[in-house]
Amino acid sequence: MVHSAPSPRSGGGIVSVLAVAGIVGSLMQTLVVPLIGQLPRLLHAAPADTSWVITVTLLVGAVATPVIGKLGDLYGKRTMMLVCSVPLVAGSVVCALSGSLIPMITGRGLQGLGVGMIPLGVSALRDLLPPQRVGPAIALMSSSMGIGGALGLPISAAVAEYADWRVLFWGAAALSVLVGVLIWLLVPATPAAARGRLDLVGAFGLGAALVCLLLGVSKGGDWGWSSGTTLGLLGGAVLLALLWALWELRVRDPLVDLRTTARPQVLLTNLASILVGFAMYAQSLVLMQILQLPAALGYGLGQSMLAAGLWMAPSGLMMMAVSSLGARLSAARGPKTSLFVGALVIAAGYGAALGLMGWSWGLMIAGCIGSAGVGLAYGAMPALIMGAVPRSETASANSFNTLMRSIGTSVCAAVVGVVLAQLTVTVGGHTLPSETGFRTALMIGCGVAVVAALVTLTLPKPVAAAAPALAATSVPTTVPTAAPTPAPAAGPAPASAEALGPWEDAFRSHDLAPEGRHHPRPVQPEETGVLSLEERDELLWLRRENAELRRELDVLMQNVGVWLRNLADDKPAG
């Protein structure tokens, strides 16, 4: 059935609701940061054990995101967003009522399940909005993730300092309920784009590989990088990933279509996502520590947790400010350009931090520059992914891309942790990261951002660009068949960019003009002027099917004619 996008009048409310959902989802990741030092006392546990309050959210979110994305393709993205709001509410309530470690870890794990709401919301925009509005909406939705992370820190710090810590989780529960109600009331149902069933073996296999990888990376510094536990987990992650890939290539309904993921545009975008995730998180780790270290060190700025969060808050707002700029840049030059420029801007942010790390306002400016680059890059990634995968795989492909970013941030935390642990100074019996360590970490982040820009340059041009060129040649197009058939007459050129909106290259279906295949007949301008992109895709598919049926019917009629002639020849003479 053809799905018609909602009217533009309803689009603003949809985007606003999904942006709020993104802010709330990302808020959960920084919610407990101000409580890290107090958790051992609050939960009556050792510091090494209370670190699981943060780690478990990362692990559960990473494992659940691709599974939730696949379920979104199978059962509808709105349905799964509503499902994700339930563990967000339940996890927040459990944490608010917790007085010991195990309930707190359980609640934080439930909150991790809600992280899958973010890529679902990004993917739903493709189904719910007209094509010309999808690009700007995705840029805004992507920037909302940075806003939640940036604003969550000072808000959490203020609540932790001036109120009971449980208020944080009651507030998170109320926000989660609000998001669920808004999605229920204002977001239309999205059709199930895929068929088949959930690959449970693939889900467990991917989950096991991710747990081994992220545990080894996040805990390697505590356990020792050469310890048997760390090496065993990392080696197990590689082995499980290989076995999982072999399974996914053979199963009928894979959790992740690796053949689609191996397409150059998807593969290179995911690689760039890992690098951008690394570069984004390195800046957050370094700048917050410099702001809070004692001023007596000579390079620390002596800010409280609340003050440091407020200095960094404008960087989150900068992501939203550049979202419309990124959308216009992608419309004019394509999302590849936005990703390239974003990576370079992130690198410039690191350069500014190296020169201005002696002032709080200087780090705020550096953070704003880096966040502007992250906003440009994060807005372009879903566009590149959805421009290269079928509509039936948008949620799972976006979820996999979100997973790549999470892997980048996890690896970044490990690498920066090692650098700062090796380059230290001892003051008053306390071992602290040195200025050289911070500068080294900043230079690593800058280098990774430059590498991300170089990877972006290798992205192929959108395949959709071949469609207008094909029609412009006025060469008759046919459907390849085993038997020769008359080629349909060539029609006028396909619709112009204005008919599709400024994002036609980013969101044109990947099979409009696949390599080695042609459409039975180009779409007429009068048709594209009234048809949505989904309807065009279905129309083209129907034409291909009709051409195939006509060919088979011709063969059948030829055989019937031969049979009738043979029958007439065998008829006895009068």
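Of the contacts (heavy atoms within 4.5 Å) in the protein chain between residues at least 6 apart in sequence, 79% join residues at least 24 apart. This is a predicted model, in which local features need pLDDT of at least 70 and side-chain atom pairs count only at pLDDT 80 or more, while totals for chains, interfaces and linings use all residues. Residues are numbered from 1 along each chain as its sequence is written, and side-chain values use heavy atoms, without hydrogens and water.

**Burial and surface**
- Of the 574 residues in the protein chain, 51% are buried (under 20% relative accessible area; exposed is over 50% and partly exposed in between, with a 1.4 Å probe and protein chains only).
- Carbon and sulfur atoms account for 68% of the accessible surface of the protein chain, which is about 24600 Å² (Shrake-Rupley method, 1.4 Å probe; for residues, only the protein chains shown count as cover).

**Helix H9**
- Val177 belongs to helix H9, residues 166-186 (a DSSP run of H or I, at least four residues, numbered from the N terminus).
- Val177 is partly exposed, at 42% relative accessible area.

**Aromatic rings**
- The whole structure contains three aromatic pairs (ring centres of Phe, Tyr or Trp, the latter by its six-membered ring, within 6.5 Å; planes under 30 degrees apart are stacked, over 60 edge-to-face, the rest tilted).
- Trp165 and Phe169 form an edge-to-face pair, 6.1 Å centre to centre with 85 degrees between the planes, and both Trp165 and Phe169 are buried.

How values were computed. Helices (H or I, at least four residues) and strands (E, at least two) are DSSP runs, numbered from the N terminus.
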